[in-house]
Amino acid sequence: MTPRQEDHRGLGRRRFLTTAALSGATIIGATALGGIDADAAFAAEPSLDPAIAKSSFVEGRITGITGSILEVAGSYGDHARVQMTNATSVWKVRATTAAAVEIGDGLYARGVPMPDGTIAADAVWVNIVNLDTQIRGIAKNRLHLAHGQHEVVGNVLLDTTNASYAGRALTSDLSQLRIGQSAQVLGAWRPSDNSVDVVRISVGH
């Protein structure tokens, strides 16, 4: 792959992870390729195992599922096949299983290229987004957010949504959120209604 292609794919990755939503409960651990928590999707992590020369990344929308193979249409017209295994970690709002993955979901996957062209995934993040927003409204079960020129509904999940204030530890107490605050939202896009399930909202960072 040429440097230009690398840059192209890197831009595609950032574009998907930050804007897919507009077109506490994290998993803990690591594999030979790096971390598998939600934040690891946004980190440029080298392989932790010197025996593995390079990891590969896939992003896009899932267009088909055949057994354990996910067919993925990339943001720039490319196509990939992602092989899920019993060892693949899956994140979709929280740690889950391959059974939670659906056609139409967005996907970001990390894995190892196989001789047949598939990517054997060690970690898959489904519908994950990381958005710079401003809080426009606060209700009991949702936040009204602005991301650029777009309005986004953030779903507050009783057992999942946490806040971080000025870099302090995560808390389920959202009472310090205020209209007008700038907020970083890590969450999962819902393709059905274009809203976002909020996993973590950080203000004053």
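Which residue takes a positive phi in the hairpin of β14 and β15? In this hairpin, where four residues lie between the strands, the residue with a positive phi, near 70 degrees, is Asn 194. The model is a predicted one, in which local features need pLDDT of at least 70 and side-chain atom pairs count only at pLDDT 80 or more, whereas totals for chains, interfaces and linings use all residues. Residues are numbered from 1 along each chain as its sequence is written, and side-chain values use heavy atoms, with hydrogens and water left out.

Strands are DSSP runs (E, at least two residues) numbered from the N terminus, and two strands pair if DSSP finds at least two bridges between them. Strand β14 (residues 182-190) pairs with strand β10 (residues 128-138) in the antiparallel sense over seven bridges. Within this pairing, Leu 131 has Val 185 of β14 as its bridge partner. Strand β14 is also joined to strand β15 (residues 195-203), again in an antiparallel arrangement, by eight bridges; here Trp 189 is bridged to Val 196 of β15. Seven of the nine residues of β14 are buried, so the strand is largely enclosed by the rest of the structure. Buried denotes under 20% relative accessible area, exposed over 50%, and partly exposed the range in between (1.4 Å probe, protein chains only).

Two aromatic pairs were identified. Rings of Phe, Tyr and Trp (its six-membered ring) pair if their centres lie within 6.5 Å; planes under 30 degrees apart count as stacked, over 60 as edge-to-face and the rest as tilted. The rings of Phe 57 and Tyr 108 are stacked, with centres 5.7 Å apart and planes at 10 degrees. This pair links distant parts of the chain, as Phe 57 lies in strand β3 (residues 56-66) and Tyr 108 in strand β8 (residues 106-113), 51 residues apart. Phe 57 is partly exposed at 36% relative accessible area, while Tyr 108 is buried at 1%. Tyr 108 also stacks with Trp 125, at 5.7 Å centre to centre and 25 degrees between the planes. Trp 125 belongs to strand β9 (residues 119-126), 17 residues from Tyr 108, and is buried, with a relative accessible area of 1%.

Tyr 165, in strand β13 (residues 162-165), is buried at 6% relative accessibility. Its C-alpha lies 8.0 Å from that of Gln 176, eleven residues away in sequence. Contacts of Tyr 165 (heavy atoms within 4.5 Å) include Thr 171, Asp 173, Leu 177 and Val 203.

How values were computed
Lists of a residue's contacts leave out its neighbours within four places in sequence.
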